[in-house]
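Please look through the sequence and the model shown here before reading the report.

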Amino acid sequence: MPYAAIDLFCGVGGLTKGLEQAGINVVAGIDFEPSCQYAYEENNNAKFIQRDITTVRPEELCSLYPDNLDIHILAGCAPCQPFSKYTQRYRKDGYKDEKWRLLYSFGNLAKKTRPEIIAMENVPELEKTSVFSDFEKELESCGYHISHQVVYCPDYGIPQSRKRLVLLASLLGNIELIPPTHTPQNYVTVRDAMRIIPLQTCR
């Protein structure tokens, strides 16, 4: 069953790398920041496209996918700074950083391109915002089955003591995040993670 993904807000390619390691062909990553291109393309097999996501047209996105795919995947981690605990601590007059609106651009592209699978992750604080609620409602109106939850990263083998909001959506039926893969007895530490890094990448 042929499938491929596009990574929105790709940055230097952390999500793309994870998708590739899972066996998913990522055809392109899109990000506003040009300085991300070298690291992205050096460490991944996908093409980096330097664009403001608000200017990307649905037909452009569709043209990036190979022909004859059964499953199109659209993934993205919109900038989390507007919703983080740090910025909330100092915010008194609502959202002034326009980055918070980028999730609407993500939703609009999803609505008009209708990929079979959508994946998104962000900080847990996003769950309590109207933009996230609107994002879910937009997908539901297009017939997507949606699930989202806040996960604790060490439960999935990630050596970071933090939580993330993960949303999955599917036009193919119900979709759920896999159960935790680790327990406190076998959490991965930073030492564990660094031990498997090939020496030649540490130069």
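The report below describes a set of paired strands and then a set of aromatic rings.

## Basis of the report

This is a predicted model, in which local features need pLDDT of at least 70 and side-chain atom pairs count only at pLDDT 80 or more, while totals for chains, interfaces and linings use all residues. Residues are numbered from 1 along each chain as its sequence is written, and side-chain values use heavy atoms, with hydrogens and water left out.

Helices (H or I, at least four residues) and strands (E, at least two) are DSSP runs, numbered from the N terminus. Strand 1, residues 3–8, has five of its six residues buried, so it is largely enclosed by the rest of the structure; buried means under 20% relative accessible area, exposed over 50%, and partly exposed in between (1.4 Å probe, protein chains only).

Two strands pair if DSSP finds at least two bridges between them. Strand 1 pairs in the parallel sense with strand 4 (residues 71–76) over six bridges, and Asp7 stands opposite Ala75 in strand 4. Strand 1 also pairs in the parallel sense with strand 2 (residues 25–31), over five bridges, where Ile6 has Ala28 as its bridge partner.

## Aromatic rings

Rings of Phe, Tyr and Trp (its six-membered ring) pair if their centres lie within 6.5 Å, and planes under 30 degrees apart count as stacked, over 60 as edge-to-face and the rest as tilted. A search of the whole structure finds four aromatic pairs. The ring centres of Tyr152 and Tyr187 are 6.2 Å apart with planes at 70°, so this pair is edge-to-face. Tyr152 is partly exposed at 29% relative accessibility, and Tyr187 is partly exposed at 25%. Elsewhere, ring pairs link Phe9, Phe106 and Phe135 into a cluster.
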